[in-house]
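Student: Could you take me through the aromatic rings of this model, and what lies around them, in one connected account?

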Amino acid sequence: MPGQGAGAERTLLRMGDTREQTTEIRVIHEGERAWADLVDPPGTAGTGGAEAEAFTSLDGAFQTGFWRREPDTWSFERPYDEVALILAGEADIETDGRVLTVRAGDLLVTPKGSAGTWRIKETIVKFFAIYDGG
């Protein structure tokens with residue numbers, strides 16, 4: 001698992017992983033997402049969550065997908081760059097002495113090396129794009 005915190009539960013594919021790259025355009029319709037339970041998600045309440053992969057580049061450096069997490073609290077340090085569109089729910093993110101609130105429709109940017117504490121108040125669903133190019 002790369003790092004701690006929101007989104008860190010996912011296992012990013014590495015360059016050694018084999019993937020078939022395709023140029024086929026596809027649509028992932030609502031309700032057709034292949035949700036997988038998060039494995040050992042961080043947090044103090046022990047709530048669960050899930051994610052659904054949408055796309056991973058052949059070299060594994062770029063990944064997109066959906067992420068869902070029930071109310072809980074945990075600290076994180078981001079080991080990659082992530083941009084996420086919040087689709088549902090509400091959370092506070094405490095960082096650098098500030099409290100940032102995210103809700104449906106908000107775009108959340110967490111650069112590599114950023115750190116803080118997630119406090120999910122209402123189940124969060126987000127679409128994420130991660131770049132882990134070093």
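Tutor: The charged end of Arg-33 sits over the ring of Phe-66, 3.8 Å from its centre, where sitting over a ring requires NZ of Lys or CZ of Arg within 6 Å of the ring centre and within 35 degrees of the ring normal. This is a predicted model, in which local features need pLDDT of at least 70 and side-chain atom pairs count only at pLDDT 80 or more, while totals for chains, interfaces and linings use all residues. Residues are numbered from 1 along each chain as its sequence is written, and side-chain values use heavy atoms, with hydrogens and water left out.

Phe-66 is buried, with a relative accessible area of 10%; buried means under 20% relative accessible area, exposed over 50%, and partly exposed in between, with a 1.4 Å probe and protein chains only. The structure holds 5 aromatic pairs, a pair being rings of Phe, Tyr or Trp (its six-membered ring) with centres within 6.5 Å, and the planes count as stacked under 30 degrees apart, edge-to-face over 60 and tilted for the rest. In one of these pairs, the rings of Phe-55 and Phe-62 have centres 6.3 Å apart and planes at 55 degrees, so the pair is tilted. Phe-55 is partly exposed at 33% relative accessibility, and Phe-62 is likewise partly exposed, with a relative accessible area of 33%.

The rings of Phe-66 and Phe-127 have their centres 5.2 Å apart and their planes at 65 degrees, so this pair is edge-to-face. Because Phe-66 lies in strand E3 (residues 62-69) and Phe-127 in strand E8 (residues 115-131), the pair ties together parts that are 61 residues apart in sequence; strands here are DSSP runs of at least two residues (E), and helices runs of at least four (H or I), numbered from the N terminus.

Turning to tryptophan, ring pairs link Trp-67, Trp-74 and Trp-118 into a cluster.
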